[in-house]
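Open the model in your viewer and keep the selection tool at hand. This tour goes stop by stop, from whole chains down to single residues.

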Amino acid sequence: MKILTTNYLTCALRACKSHPNSFPLHFRDAELQQDSLPFNAAFIANILPRIDWPALLTTAAELGFTNLPAEKPDTVDEKAGMELHRILIETQVVEGKLVCGNCGHDMRINE
Amino acid sequence: MEIVNPEEYEASHVHRVYEHIAPHFSATRFKPWPIVEKFLCDLPIGAIGLDVGCGNGKYLSVNPDIFIVGSDRSPSLIGIARGRETQDSLVADALDLPHPDSRFDFAISIAVIHHFSSLERRCHALRSILATLKVPNNSSDGGRALIYVWALEQKKSRRGWDEGDRQDVFVPWVMSKQFSTSAKAKGSQQNGQELTYMRYYHLYRKGELEADIARAGGRVLESGYEKDNWWAICSPVK
């Protein structure tokens, strides 16, 4: 599972969705794999405004990526774009769980 | 047709069937339908969306400039979809989608909603899909979903159904020999060397998809008929 996907996942329970603790889901026992995929600068520039930045910071920190800026940048240069590409698109969680912070339900990741 | 327990009914006559036929089904599903392909290719670069009931994930890689999270009720089909490395897919139920509300630019749900066995559940599925889409406001159009369902009116097809026929039907899936090695499962009929599985469908009448979308609180932007299917593009209302 890609980190970009986790920015778009919440608990499946309707009752949890309205609760702030249900987003983002939290990784447990995550095992990472680093892929190498073509960098698409325009794609990264266009998904940037769509990303929920505080949720991305939480997820990234749980996986050990701590060098993202605290505030969402308005635009990214090539270097920052490549870094986002590496985290959002190339990093895969291949084993582990995603846990809802509200009800504790977990979604297993098993690629 | 009144089904006493639609959840159990769909588990037997839809979910289990797809689990058993997954590899064979997938081998027959590789060509994107033209209207779906156009819908995906017309999206702006960086658009993020869902494929609800993505099956083997054949639409996930049609446009490499967008990002699609595919989901399906069948773990076997998701296992096949996983091969598409630039996109992502997961096991989920269309009635309980694990996605936040109002964040997505688009969604597609192709040949899925017709497997729900009551009007209430079909509208529930449409409502869950609409809920994921960006809500239109004064400065932007909001997200759009493309929905495809099998039509009752398909006189010229191999099945030959037409107006006035029963809408709730079982459709046989005849498993070819090469895929039936492990398929000694319940719900199949052994017929010589071939196994036949019966899948449940609700065949849509003309105008019914639009009516269901309206009942689910959506707005139909465009709709039509293509090769034995009714389709509609819809969005949430302001």
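**Stop 1: chain B**

Select chain B. It has 5 helices and 10 strands. Helices (H or I, at least four residues) and strands (E, at least two) are DSSP runs, numbered from the N terminus. The model is predicted: local features need pLDDT of at least 70, side-chain atom pairs count only at pLDDT 80 or more, and totals for chains, interfaces and linings use all residues. Residues are numbered from 1 along each chain as its sequence is written, while chains are lettered from A and ligands numbered from 1 in the order in which they are written.

Turn chain B along its principal axes. Its C-alpha atoms fill a box of roughly 60 × 45 × 35 Å. The radius of gyration of chain B is 18 Å, which agrees with the value near 18 Å for a compact globule of 238 residues. That radius is taken over C-alpha atoms, and the globule rule is 2.2 Å times the number of residues to the power 0.38.

How much of chain B is buried? Of its 238 residues, 45% count as buried. A residue is buried if 20 or more other C-beta atoms lie within 10 Å of its own, exposed if 12 or fewer, and partly exposed in between; C-beta atoms are placed from the backbone.

**Stop 2: helix H5 of chain B**

Select residues 208-215, helix H5 of chain B. Leu209(B), Asp212(B) and Ile213(B) are buried there. Look down the axis of H5(B): the buried residues fall within an arc of 100°, so they line one face of the helix. The arc is that of the directions from the helix axis to the C-beta atoms. An α-helix has 3.6 residues a turn, so residues three or four places apart point the same way.

The buried residues of H5(B) pack against helix H4 (119-132) and strands E5 (144-150), E9 (218-226) and E10 (229-236) of chain B. Contact means that the C-beta atoms of two residues, placed from the backbone, lie within 7 Å. After H5(B) comes Gly217(B), with a positive phi near 90°.

**Stop 3**

Two strands pair if DSSP finds at least two bridges between them. Find Gly224(B), which stands opposite Trp231(B) in E10(B).

Which residue of this hairpin takes a positive phi? Select Lys227(B), with phi near 40°, in a hairpin that has 2 residues between the strands. Lys227(B) is not a glycine. Most residues other than glycine have a negative phi, and most peptide bonds are trans. Lys227(B) counts as partly exposed, with 13 C-beta neighbours inside 10 Å.

**Stop 4: Ala111 of chain B**

Go to the loop between strand E4 (106-110) and H4 of chain B, where Ala111(B) sits. Its phi is near 60°, a positive value in a residue other than glycine. Ala111(B) is partly exposed, with 17 other C-beta atoms within 10 Å.

**Stop 5: chain A**

Switch to chain A. It has 5 helices and 3 strands. From the N terminus on, the elements run α-α-β-α-α-α-β-β. The radius of gyration of chain A is 14 Å, close to the 13 Å that the globule rule gives for 111 residues, so chain A is as compact as a globular protein of that length. Buried residues make up 30% of chain A.

Show the strands of chain A. They form an open sheet in the order E1-E2-E3, with antiparallel pairing. Strands E1 (26-34) and E3 (106-110) of chain A stand at the edges, each with a single partner strand, so one side of each is left without a neighbour in the sheet. Strand E2 (residues 91-99) of chain A pairs with E3(A) over 5 bridges. Gly96(A) stands opposite Ile109(A) in E3(A).

Next, select Phe23(A) and Pro24(A). A cis peptide bond joins them, with omega about -5°. Pro24(A) lies in the loop between helix H2 (14-17) and E1 of chain A.

**Stop 6: where the chains meet**

Show both chains. 19 residues of chain B are in contact with 21 residues of chain A. End on Phe43(A), in helix H3 (residues 41-47) of chain A. Phe43(A) counts as buried, with 21 C-beta neighbours inside 10 Å. Not counting residues up to four places away in sequence, Phe43(A) touches Ile45(B), Gly46(B) and Asp65(B).
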